[in-house]
Amino acid sequence: ARLPSRSPPRPTVGADPGARLRTGADAGLPVYFPEGGRARLKVYEPVRTGDYVRRIGDDVQPGDIAVRAGTIIGAAQVGLLAAVGRDKVLVHPRPRLSVISIGGELVDIDRTPGPGQVYDVNSYALAAAARDAGADVNRVGIVSADPGRLRDVVEGQLVRSEVVVIAGAVGGWASEQIREALAGLGELEVARVAMHPGSVQGFGRLGRDEVPTFLLPSNPVGALVVFEVMVRPLIRIALGRRHPMRRVVRARTIMPIASMQGRRGYLRAQLMRDEQTSEYLVQPLGGNGSSHLLSTLAEANSLIVLDPDVTEVRTGDEVQVAFLAQRG
């Protein structure tokens with residue numbers, strides 16, 4: 001918001017913002033300085049010209065920018081906008097995002113899983129990740145893979161959402177069913193992306209408004225990593241953030257790391273700092289065969305990012321590490 005240029009009114013008294021100085025006065029006197037009544041009082045502190053007077057433009061000058069583009073509008077910003085007489089400003093609203101889980105084996109967490117059933121982890125985890133990124137989230141929950149039912153639900157979410165995330169929608173025959181069910185809404189592509197975990201994923205623009213729709217793995221770790229890499233930056237861009245990606249630092253490994261040839265690795269890790277040298281240190285969490293373990297991701301505060309041509313990292317080597325959201 002840029003202030004209009006105008007001639008400043010007379011100065012005001014600091015003890016009572018908005019009150020004018022009396023004719024001939026050039027300073028204010030705080031009420032706690034003097035001693036005595038209204039007719040006579042004693043002053044024990046010296047008062048110089050201009051003391052305790054608030055002048056127009058002390059805070060923000062005419063023509064100054066009061067609130068810069070990209071600033072999060074909080075309590076102080078609202079107060080400053082009110083102080084310069086602005087009741088409306090253009091903002092980036094929170095993008096609306098819907099999360100859907102698909103899988104005949106899924107049950108909600110208020111039920112006891114039977115043989116061959118598991119709790120629906122993805123819709124809860126992904127909804128939390130989307131809220132953390134700044135989206136306004138609608139957790140649809142479990143939806144049947146029945147083509148007619150699935151199409152109706154997704155079509156309904158496309159009307160109310162700027163982004164749709166469907167978990168458990170890639171891999172094998174099930175993904176073919178899902179793509180066929182949604183074919184009338186737009187084109188969906190399922191492919192292998194050169195990353196791990198979560199290499200198999202899908203994307204399309206569905207509905208009349210071509211809503212970005214992401215198809216994520218059923219594995220919760222893979223789903224969350226794909227969300228972190230692919231979906232979260234889109235939410236941050238929609239919010240007007242100048243830097244939509246996580247902060248990345250260089251850190252020294254405290255143990256060896258193995259990664260997959262030809263795929264960019266996003267490996268769960270614990271980032272620390274050496275108290276004496278202030279150097280960043282990083283410890284990978286989990287090992288080979290543990291890519292499905294959600295408990296290690298829950299302990300992680302960062303992701304080690306390895307280039308596709310890196311298969312081995314020795315102890316003491318430097319790697320790139322992306323901070324995750326801080327807890328607490």
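A nonpolar core is taken here as a set of buried Ala, Val, Leu, Ile, Met, Phe, Trp, Tyr and Cys residues joined through side-chain atoms within 4.5 Å, where buried means under 20% relative accessible area, exposed over 50% and partly exposed in between (1.4 Å probe, protein chains only). The structure is a predicted model, in which local features need pLDDT of at least 70 and side-chain atom pairs count only at pLDDT 80 or more, while totals for chains, interfaces and linings use all residues. Residues are numbered from 1 along each chain as its sequence is written, and side-chain values use heavy atoms, with hydrogens and water left out.

The largest nonpolar core has 31 residues, of which Leu-97, Leu-126, Val-165, Leu-216, Phe-227, Val-231 and Ile-235 touch the most other members. At least two residues of this core come from each of β5, α2 (122–133), β9, β13, α5 and β18 (302–306); helices (H or I, at least four residues) and strands (E, at least two) are DSSP runs, numbered from the N terminus. Helix α5 gives the largest share, nine residues. Another core, of 19 residues, lies apart from this one, and includes Ile-100, Val-153, Val-154 and Leu-182.

Six strands form an open sheet in the order β8-β5-β9-β13-β12-β10, with mixed pairing; two strands pair if DSSP finds at least two bridges between them. Strands β8 (136–143) and β10 (188–192) stand at the edges with a single partner strand each, so one side of each has no neighbour in the sheet. From one strand to the next, the twist averages 15°. Helix α5 packs on this sheet, touching β5 (96–102), β9, β12 and β13, and its direction makes about 165° with that of β13. Such angles run from 0 to 180 degrees between N-to-C directions, the axes being lines fitted to C-alpha atoms, for helices over the stretch in contact.

Strand β13 (residues 211–216) is largely enclosed by the rest of the structure, because six of its six residues are buried. Val-211, Thr-213 and Leu-215 point one way from β13, and Pro-212, Phe-214 and Leu-216 point the other way. Strand β9 (residues 163–167) runs parallel to β13 and is joined to it by four bridges, with Ile-166 partnered by Leu-215. Strand β12 (residues 200–206) pairs with β13 in the antiparallel sense over five bridges, and here Arg-205 has Pro-212 as its bridge partner. Four residues lie between the strands in the hairpin of β12 and β13, where Gly-207 takes a positive phi near 80°.

Strand β12 also pairs with β10, in the antiparallel sense over five bridges, and Val-190 stands opposite Gly-202 in β12. Val-200, likewise placed in β12, counts as partly exposed, at 23% relative accessibility. Val-200 lies 29 residues from Gly-171 in sequence, with the two C-alpha atoms 6.8 Å apart. Beyond residues up to four places away in sequence, Val-200 touches Val-170, Gly-171, Val-190, Ala-191, Arg-192 and Pro-217.

Glu-228 is buried, because its relative accessible area is 14%. Not counting residues up to four places away in sequence, Glu-228 touches Pro-233, Arg-246, Leu-303 and Leu-324.

Note on methods. Contact means heavy atoms within 4.5 Å.
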